[in-house]
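Me: Could you walk me through the aromatic contacts in this one, and then a helix?

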Amino acid sequence: MGILRDVWSYRSLLVVIVTPLLLLPLPLVIGTKVAECAFTLLLMAVYWLMEALPLSVTALLPALLFPLFGILKSSQVASVYFKDFHLLLTGVICMATAIEKWNLHKRIALRLVLLVGANPGWLMLGFMVSSAFLSMWLSNTSTAAMVMPIVEAVVQQIMNAENEATTQRKHALTGCSNAGLQLDEVEAKNEKAQEVIRCSGVGPKAVVYNIPEESPAHTEVAMPGTEGRYRSVKDHMMCKGLSLCIAYASTIGGLTTLPGTSTNLIFAEQMNQFYPDCDSINFGNWFVLCLPISIIVLLLSWVWLHWMFLGSDFRSLLSCRKERSEREKATARVIEEEYKALGPMSPQEMVTMVIFVLMVLLWLVRDPGFMPGWASLFPEYKGYATDATVALLLGILFFIIPANKPSSPKFETLISWKEFESCMPWEICLLVGGGFALAEGTKVSGLSAWVGDLLIPLGSLPTWALITITCVIVTTFTEVASNPATITIFLPILAPLAEAIHVNPLYILIPTTLCTSFAFLLPVSNPPNAIVFTYGHVSVMDMVKAGLGVNIIGVLVVLLAVSTWGVPLYNLDTYPNWAPTYNSSNTGL
């Protein structure tokens, strides 16, 4: 066992060494450019899947191997590592940095939750809506990391308030209403409860509650095996539901906008690289396609999580009771206190909000498709200005506009370079650049055409069946590999497949891109899942059971979208002029 443990601890090193040795027959025995590019693709796929090296380090392999194999010159590889994607990401991160620095995201989240009320079901929906809205503009990791502490504070207050109410009811039933006469007994019980909790081994990130030693006969049965953390099964299920709704909504909301997820941005840039004449993908029409998808998936996921963790009694959500329960009073109290603690809206928040709204509006009306946008004001420079132009224009303003009044002794802008640096996902920049280099290599070497020839028999399947199979495959694959790595591997394969069977590439690539974000099954599937899991309310099996339902909902809604309102929006039922006419060129590896 000791030897196996030692070997397992060096598994990453073994994968790094063994994988290229197993793949060596491709470049040494076959020796064609297709085989050499296939060697690079498979090597990167294994490294990304096993995370044998940091993802961004694996992304550098094309810069090393393509010049050595004679596929691309080093200067050519380097030129594709930085694209319009990186400029768009830079502007978006400038805005996200300002939003997080001045607590605008927290104000938006708390305000949305206050609007829906304190009922656990409505509370879950409120947190999901606020998380989804924030993740349209911030990363899903930042959204989950910001909202989960608020959820944890709400849960803690609910538990404490109900424990107090339970104690008061018990005293009323037993006639012991004078707390002063029982002070010594209460202190002894509290000390005993604290001692039990200290010995129970609760992790540092878990929230511990002081639970009375006895429970009244009319309350819920205490949940066994929870080490005193929860008063009842109902409380534990509520904690599970509220935790998982944050993880899932933080990802679902990002589908709505192109900057919302890295996979959306990778898809947009890969489309520019594969099909330079395609002008169908922009912020406006993507928003029109994906906003209904996000809303439907969010609402159905809420129903699913409510049914799993809060029960199937949805009639209580519509009841108009005059008297709120202790649970709802405690929830409303903590959220209101959190919101009041923010104080009035600061000038910095107002400026950030104005720039944020302006950025969204300029994105939407640049080239909406159904009417002329502001880009049409420059007809002689058609296609020159992109969404990245807007992002950079307004992103730079954050480094120019003063954060304080002129009378302030120190000049400070809305964000500083160090603050921007700490928020900028440099590893994503390299990872995406490596994907662009890999895509260019597959095109130049002929690997993409070779794969397309192999996949021609799939053209006998109905289009909807082919799309369904593709969505299921990438949804499964992305549970164990990172989302950017998954989309980077599959796009260069699926684009020639669409050309080979003479189907609009968007018909396959759009649902594939969206389904790549549906990584809901495991804590390691994406960062929001991991963040929620560390709070200790959810087990792996809880996440698997809940995530499986959300995955199915997501895939079905995406298939519905691309088969209905997506068809007229992108002309998915016709083969576009910007896609090349496919000619079989299968010469083998």
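**Aromatic pairs and a helix**

Reply: There are 19 aromatic pairs in the structure, a pair being rings of Phe, Tyr or Trp (its six-membered ring) with centres within 6.5 Å, stacked if the planes are under 30 degrees apart, edge-to-face if over 60 and tilted for the rest. The model is predicted, with local features needing pLDDT of at least 70, side-chain atom pairs pLDDT 80 or more, and totals for chains, interfaces and linings using all residues. Residues are numbered from 1 along each chain as its sequence is written, and side-chain values use heavy atoms, without hydrogens and water.

Me: How are the rings of Trp137 and Phe356 arranged?

Reply: Their centres are 5.2 Å apart and their planes lie at 85 degrees, so this pair is edge-to-face. Trp137 is in the loop between α10 (120-135) and α11 (140-174), while Phe356 is in helix α18 (residues 347-364), 219 residues away; helices here are DSSP runs of H or I, at least four residues, numbered from the N terminus.

Me: Buried or exposed, those two?

Reply: Both Trp137 and Phe356 are buried, where buried means under 20% relative accessible area, exposed over 50% and partly exposed in between, using a 1.4 Å probe and protein chains only. They also belong to one aromatic cluster with Phe133, Phe283, Phe287 and Trp363.

Me: Switching to α9, which of its residues are buried?

Reply: In α9 the buried residues are Leu104, His105, Arg107, Ile108, Ala109, Leu110 and Val113. The charged end of Arg107 sits over the ring of Tyr339, 5.9 Å from its centre, the criterion being NZ of Lys or CZ of Arg within 6 Å of the ring centre and within 35 degrees of the ring normal.

Notes
Helix = DSSP H or I, 4+ residues; strand = E, 2+ residues; numbered from the N terminus.
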